[in-house]
Amino acid sequence: MKILEKSEILVLGDSHTGVFSHPSAMLDGYRFRVMTVSGATISGLKNPNSATQARPIFEKAIHSYKGKILITLLGEVDTGFVIWYRAKKHNYNVQEILDQTVSRYIEFIQKIPLDKHVIVIGAPLPTIQDGQDWGEIANARKDVTASQLERTELTIQLNQRMKSYAKESGVLFIDLDAESLGDDGLVNQELLSSNRTDHHYDKVSYINILKPKLARCVEQISAGNVAPRRA
């Protein structure tokens, strides 16, 4: 009996894309090709001198990709650190930097070939607590004084802005904010990693809220029920 080859889905993003390496993230008939650039930011997508060089890495992956479904997962580093750091260092307005960030994300997506179906996953909510001084990432972001609630609210703003763009442009958007929020307005404790130094979501908990919505998006695309993207 001939074994059918699985269709490939390209995933581009920061270290949060590590969730796709977990066995339970797999979708029937598909396999993920994950291009992870740790520390990648939306802000850096337009900067040729960015430390991560994420854009050329992503563009190379897109150029060589022959499949039809592409996922992006970016923004946590921006709303959790970069935007606040830039605002403090240069005395910028946080909302103005958010506007720039949204514009850069949209510009990046618009340059993806129109024959690709793009699925944007909303940025994860911040897990680093106020005053947290343990863990490599928390230490690296210690200059940011914005509270966890402020960082959470900014992340939700970014996600809602990208959701609005997606609706207008034929891009699919996976909004996990409602499932990710606890009653206190911060990230649901059930999503936190058991490793207190790890700022990523617990992979299994993340998959439990992400996979059903991702599966529906992929099913829609496979069934031809998604309109072509608009430039």
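Analyst: Buried means under 20% relative accessible area, exposed means over 50%, and partly exposed lies in between (1.4 Å probe, protein chains only). This is a predicted model, in which local features need pLDDT of at least 70 and side-chain atom pairs count only at pLDDT 80 or more, while totals for chains, interfaces and linings use all residues. Residues are numbered from 1 along each chain as its sequence is written, and side-chain values use heavy atoms, with hydrogens and water left out.

User: At which residue does H7 bend?

Analyst: Helices (H or I, at least four residues) and strands (E, at least two) are DSSP runs numbered from the N terminus. The buried residues of H7 include Tyr206, Leu214 and Ile221, and what covers the buried residues includes S3, S4 and S5. A bend is the angle between axes fitted to the seven residues ending at a residue and the seven starting there. In H7 the bend is about 35 degrees, with proline 212 following within four residues, and its place is leucine 210.

User: How many residues of strand S4 are buried?

Analyst: In a regular strand the side chains alternate between the two faces of the sheet. In S4 (residues 117–121), one side carries His117, Ile119 and Ile121 and the other Val118 and Val120, all of them buried. The number of buried residues in the strand is therefore five of five.

User: Which residue of S5 stands opposite valine 120?

Analyst: Two strands pair if DSSP finds at least two bridges between them. S4 is joined in parallel to S3 (residues 69–73) by four bridges, and leucine 70 stands opposite valine 118 in S4. Three bridges join S4, also in parallel, to S5 (residues 172–174). There, the residue opposite valine 120 is phenylalanine 173.

User: What is the angle between the planes of phenylalanine 58 and phenylalanine 108?

Analyst: Rings of Phe, Tyr and Trp (its six-membered ring) pair if their centres lie within 6.5 Å; planes under 30 degrees apart count as stacked, over 60 as edge-to-face and the rest as tilted. The whole structure has four aromatic pairs. The rings of phenylalanine 58 and phenylalanine 108 have centres 6.1 Å apart, and the pair is tilted because the angle between the planes is 55 degrees.

User: What kind of aromatic pair do tyrosine 201 and tyrosine 206 form?

Analyst: Tyrosine 201 and tyrosine 206 are both buried. Their rings lie 4.9 Å centre to centre with 80 degrees between the planes, and the pair is edge-to-face.

User: Is threonine 17 buried or exposed?

Analyst: Threonine 17 lies in the loop between S1 and S2. Contact means heavy atoms within 4.5 Å, and, not counting residues up to four places away in sequence, threonine 17 touches Val11, Leu12, Val34, Thr36 and Leu73. Because its relative accessibility is 0%, threonine 17 counts as buried.
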